Amino acid sequence: IFFKEIPPLVKHYLDADSIGLLQSAPREFSPPLPARPVDPLGPMVATVSRGESKSLGVKLLAGGSGKGTYVASCKDGTPCGQCELLQPGTKILQVDGVDVDTLPRKTVAGALKNAGTEMELKVAFDPIGYARALVHDHAATAKAESAAAAAEEVPDNDDAGAAPPAG
């Protein structure tokens, strides 16, 4: 199975055929998902109060094209974990009024890190984009692991270091 578990909100927005494609897709395959609205509720504003905490407790996922950023997970009890709007599949559109929708994940992470103790995030739930980002991330990870394994391979040569044949 490709995904161990598809987040419940992603399941809610995908039909059974799309879920089956995601679960059975080979690592390099980006499934043709049906076009659906990004978020039927539209963009929403999430207020996150960091307080004295340095960590927001959020793990971010880069969009499939390397642009755009999704919430991959939030730790319970952290500032982001306490915000109901931030959950797997939520796309971050703005940080304190600054558009970050098309910026790379590292830039968005920096904007979140440098934001004050209370920040406003404009977000939208985008399960299709999130699913594509997961597929892209998984394929990139598999490709990197394959390249690393190939670099570590030692040639199979039984004669290496052996004495020359007597002759």
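**Exercise 1.** In this predicted model, find how many aromatic pairs there are, and classify what is found by the angle of the ring planes.

Solution. Step 1: with ring centres required to lie within 6.5 Å, the count is one aromatic pair. Step 2: the ring centres of Tyr-70 and Tyr-130 are 6.1 Å apart and the planes meet at 50°, so this pair is tilted. Step 3: Tyr-70 belongs to strand β3 (residues 69-74) and Tyr-130 to helix α4 (residues 127-152), so the pair ties together parts 60 residues apart in sequence. Step 4: both Tyr-70 and Tyr-130 are buried.

**Exercise 2.** Decide whether Lys-91 is buried or exposed, and state which side chain its own side chain meets in a polar contact.

Solution. Step 1: locate Lys-91 in strand β4 (residues 90-95). Step 2: buried means under 20% relative accessible area; Lys-91 has 16% relative accessibility and therefore counts as buried. Step 3: the Lys-91 side chain makes a polar contact with the side chain of Asp-101, at 3.0 Å. Step 4: leaving aside neighbours within four places in sequence, the residues in contact with Lys-91 include Asp-101, Tyr-70, Lys-122 and Asp-126.

**Exercise 3.** Describe the second largest cavity by its volume and by the kinds of residues in its lining.

Solution. Step 1: the structure has two cavities of 30 Å³ or more. Step 2: the volume of the second largest cavity is about 30 Å³. Step 3: among the residues lining this cavity are Leu-56, Val-71, Cys-80, Ile-92 and Met-119. Step 4: its lining divides into nine nonpolar residues, no polar and no charged.

Methods:
Residues are numbered from 1 along each chain as its sequence is written. This is a predicted model: local features need pLDDT of at least 70, side-chain atom pairs count only at pLDDT 80 or more; totals for chains, interfaces and linings use all residues. Side-chain values use heavy atoms; hydrogens and water are left out. Rings of Phe, Tyr and Trp (its six-membered ring) pair if their centres lie within 6.5 Å; planes under 30 degrees apart count as stacked, over 60 as edge-to-face and the rest as tilted. Helices (H or I, at least four residues) and strands (E, at least two) are DSSP runs, numbered from the N terminus. Buried means under 20% relative accessible area, exposed over 50%, partly exposed in between (1.4 Å probe, protein chains only). A polar contact is a pair of N or O atoms within 3.5 Å; within protein, one must be able to donate a hydrogen and the other to accept it, and residues adjacent in sequence count only if both atoms are side-chain atoms. Contact means heavy atoms within 4.5 Å. On a 1 Å grid over the protein atoms alone, a cavity is a set of points where a 1.4 Å probe fits but cannot get out, and a pocket is an open set with protein on both sides within 12 Å along at least five of seven lines; lining residues have an atom within 4 Å of a point. Grid points are joined across faces, edges and corners, and a volume is the space filled by probe spheres set on the points. Ala, Val, Leu, Ile, Met, Phe, Trp, Tyr, Cys and Pro count as nonpolar, Asp, Glu, Lys and Arg as charged, and the others, Gly among them, as polar.
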